[in-house]
Amino acid sequence: MNGRQSASAAGTATGRGESVSLRARFRGVAVLAAGLLALTACGGGGGSDASDKGDKGGDKTAAATRSVKHDAGTAEKVPAKPKRIVSVSVTMTGHLLALDAPVIASQATPPSVITDKQGFFTQWSDAAAENSVKVAYQGFEPDVEKVLALKPDLIVGASSGAENAEKFYDKLSVVAPTLLYRHDDVSWQDLTARLGKDLGLEKRATEVVAAHDKRVGEVKAAITAPKQSAALVRDNQSAMTVFTPESAQGRLLTSLGFTVLEPPAGKGQTQGGRSDFAEFSQEKVADTAKDSSLLFVSHTPEEITAATARPVWKDLPAVKDKRVYDLGLDTFRLDYYSAGNLIDKIEKAFG
């Protein structure tokens, strides 16, 4: 879903001092964690691991903490009911907000046409405001010291995309249990279900997906999908990105009754090994699209007009017949919010 994409000369001594300060904080957190573990071992702690089976009398009280396997490893001592989650992935934040997870702060990107003024994606920025979510830091690499200052009991982030936090995993895990997830090779529904299970929010996850499915059924019955296949594309000036039928966007269009165009034959250029879309030359995409309707992902209307005015596109049947559609700026990354916005766009265009 949804951006397009210093140390200044303050002096070596300052950088050295900040590094020492950060290492000292990490040591302090590690010592505190060790102390708490020792206290728990002596019977002073109230929590237990997920492996605890309860007493012989059949006590079924839920464990205070548990182990959770995620896409960067296995996190121990994950709160069964977290209260202070910091998201180090602006992509993951939308999924967490849809689950009503207790997010207190989130990574933000540099502001752009797909974000609000503080760098939160527009599809869920209102939800973030309603839940008083603060900006943890701005930028793609986690600012571990700022995360530490927020005192989270759980950190959630990504192991794919621009905000991939895997190389910071060890440092983040010292601050709080950390869970990292891929979001590029899984549907948002499956990711929502997984988060619900890992965060103890299974009931809410089921409700979110069910509400989406109900909306899909209503809109599918109310629209007339085009007879031609739908080419899901994103203009990159010199090339064109084509989304596959297996992409999150392709699956959603298919569920609404569309036939999504397969990408051109041959291997296109991909980003980070992604399989949901690939980039091809403008000419190759235009030749493959032929009579397909053109559905543009994450563009302004002005950008779509400029793209379809190029010689390679302007004579295509879809352009001449005005079968060119804007799916919205927030459709590059799909979560519960942006998927709902895309459905609204389809209903308006084909209803």
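Guide: The crossing of H3 (residues 122-130) and H13 (residues 336-350) is right-handed, a crossing being left-handed if the near helix is turned anticlockwise from the far one by less than a right angle, and right-handed if clockwise. This is a predicted model, where local features need pLDDT of at least 70, side-chain atom pairs count only at pLDDT 80 or more, and totals for chains, interfaces and linings use all residues. Residues are numbered from 1 along each chain as its sequence is written, and side-chain values use heavy atoms, without hydrogens and water. Helices are DSSP runs of H or I with at least four residues, numbered from the N terminus.

The axes of H3 and H13 lie 8 Å apart at an angle of about 130 degrees. Axes are lines fitted to C-alpha atoms over the stretch in contact, and angles run from 0 to 180 degrees between N-to-C directions. H3 and H13 are therefore oblique to each other (under 35 degrees is roughly parallel, over 145 roughly antiparallel, 65 to 115 roughly perpendicular, the rest oblique). Gln123, Trp124 and Ala127 of H3 meet Tyr337, Ser338 and Asn341 of H13, with contact meaning heavy atoms within 4.5 Å.

H3 also packs with H2 (residues 90-98), at about 60 degrees and with axes 10 Å apart. That angle makes H2 oblique to H3. H2 passes H3 in a left-handed crossing. On the H2 side the contact is made by Val90, Thr93, Gly94 and Leu97, and on the H3 side by Trp124, Ala127 and Ala128.

Methods: Helix = DSSP H or I, 4+ residues; strand = E, 2+ residues; numbered from the N terminus.
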